[in-house]
Amino acid sequence: MKYLFAAGGTGGHIFPAIAIADEIKILDKDAEILFIGAMGRIEEKIVPANDYRLETIDIAGIDRSSIKKNLKLPVKFAAALRKSRLILKNFKPDVAVGTGGFVSGPVIYMAQRMKVPTLIQEGNSYAGKTIKLLAKHAEKVVINFDETEKYLKRKDNIVRFAHPIRSNLKKSGRAEAQSAFGFDEVKKTIFIFGGSQGARGINVVIEKIAKKLYESDMNIIWQTGSTDYEKYKNEFSQMQDRLKIFEFIKEMDKAYSASDLIICRAGITSIMEIAAMGMASILIPLPTSAENHQEMNARSLEERGGAMVVKQEDAEKNLEQKINEIFSDDSKRELLRRNARMFADAEAAVKIARETIKLAERRGTQSL
């Protein structure tokens with residue numbers, strides 16, 4: 001069977017697709033898998049690094065900061081449709097899977113036009129416009145949150161499985177992980193990150209309270225992203241015994257395992273990794289996320305007692321207080337951990353892989 005994945009733009013769209021593809025390879029030893037991503041985006045590094053073939057199309061999302069920059073989008077979209085059609089025609093997939101990012105739009109739309117069975121995986125609480133459009137004609141729509149269903153007109157093709165995470169993300173012993181960062185394991189540890197690219201809004205707030213946190217005898221792991229790395233590494237060079245600053249952390253499982261509290265954005269992959277690792281967290285949603293989906297993700301977790309949410313506009317005033325509140329109450333921190341863990345499902349990727357294989361097999365049977 002041949003499996004096509006359309007995913008790109010951020011790790012939050014790419015890693016779920018890779019997790020599903022990894023399970024397909026286990027279940028279907030002869031599987032042929034092709035990824036389609038956006039030209040010049042992070043998938044050009046991530047997908048080949050995970051041993052999958054990648055083809056790219058030239059496509060971009062709507063730029064909300066400038067109307068002028070969007071004038072060429074119709075022409076670009078038309079070209080992306082033509083390129084998607086060519087790739088589909090040459091690869092001849094038995095099923096096409098879209099896990100999000102603007103690349104999913106033209107690829108899955110064209111797959112549906114060409115009568116290729118499609119599966120859409122939507123991890124976010126809020127289903128965006130592209131998902132709403134594509135979901136009408138998809139054979140399966142996999143949602144992560146119950147509330148996502150209310151945004152979709154068609155109901156008979158919906159199934160609910162947790163958002164899949166990387167299979168290599170495993171929690172290790174706290175003492176071992178603390179040692180890897182050179183920390184005294186007796187002290188409480190905070191892990192701060194803003195996704196693979198960093199988050200300027202979070203970094204600015206942490207810069208203002210980092211000294212106080214350090215003086216409170218806490219360990220701090222801070223992934224700043226490439227833009228702010230040199231600035232903060234120099235600024236806090238005298239605190240490097242307990243304030244560890246990184247441009248990028250490849251072994252996220254070690255950082256999670258060493259930590260007692262996570263502070264991060266509310267992208268769905270970050271949320272589901274926190275759930276899988278059973279972590280207490282303070283989520284600071286990206287205020288400019290499309291249709292405010294990050295805050296919706298965060299509130300879905302908060303309403304079930306699985307996280308605390310601080311809006312970016314309030315973070316400078318409230319974040320330090322929230323950190324102290326969690327660290328002063330072990331029972332509260334444990335409750336956050338336990339409730340977060342309820343969102344996770346270690347079998348999510350394999351469950352979605354099985355649904356994908358079923359669609360591919362049905363297609364294969366019909367073509368005989």
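The dialogue below treats helix packing and then strand pairing in this predicted model.

Q: At what angle do the axes of helix α3 and helix α4 cross?
A: The axes of α3 (residues 73-91) and α4 (residues 104-113) come within 9 Å and cross at roughly 55°. Angles of 65 to 115 degrees count as roughly perpendicular and those under 35 as roughly parallel, so α3 is oblique to α4. The crossing in which α3 passes α4 is right-handed.

Q: Which residues make the contact of α3 with α4?
A: From α3 come Phe77, Ala80, Leu81, Ser84, Arg85 and Leu88, while α4 contributes Pro106, Val107, Tyr109, Met110 and Ala111. Sorted by class, the residues of this contact are nine nonpolar, one polar and one charged.

Q: How is helix α12 oriented towards helix α13?
A: Helix α12 (residues 312-327) and helix α13 (residues 330-341) have axes 6 Å apart and pack at an angle of about 100°, which means that α12 is roughly perpendicular to α13. Their contact is made by Glu325, Ile326 and Phe327 of α12 together with Asp330, Lys332, Arg333 and Leu336 of α13, and by class it has three nonpolar, no polar and four charged residues.

Q: In what order do the strands of the open sheet lie?
A: The six strands follow the order β10-β9-β8-β11-β12-β13, with parallel pairing. An edge strand pairs on one side only, and here the edges are β10 (243-246) and β13 (308-309). Within the sheet, β11 (residues 261-264) pairs with β12 (residues 281-283) in the parallel sense over three bridges, and cysteine 264 stands opposite leucine 283 in β12.

Key
Residues numbered from 1 in each chain as written. Predicted model: local features only at pLDDT ≥ 70, side-chain atom pairs only at ≥ 80, totals over all residues. Heavy atoms only, no water. Axes fitted to C-alpha atoms, helices over the stretch in contact; angles between N-to-C directions. Helix = DSSP H or I, 4+ residues; strand = E, 2+ residues; numbered from the N terminus. Parallel < 35°, antiparallel > 145°, perpendicular 65-115°, else oblique. Left-handed = near helix turned anticlockwise from the far one by under 90°. Contact = heavy atoms within 4.5 Å. Nonpolar A, V, L, I, M, F, W, Y, C, P; charged D, E, K, R; others polar. Pairing = 2+ DSSP bridges.
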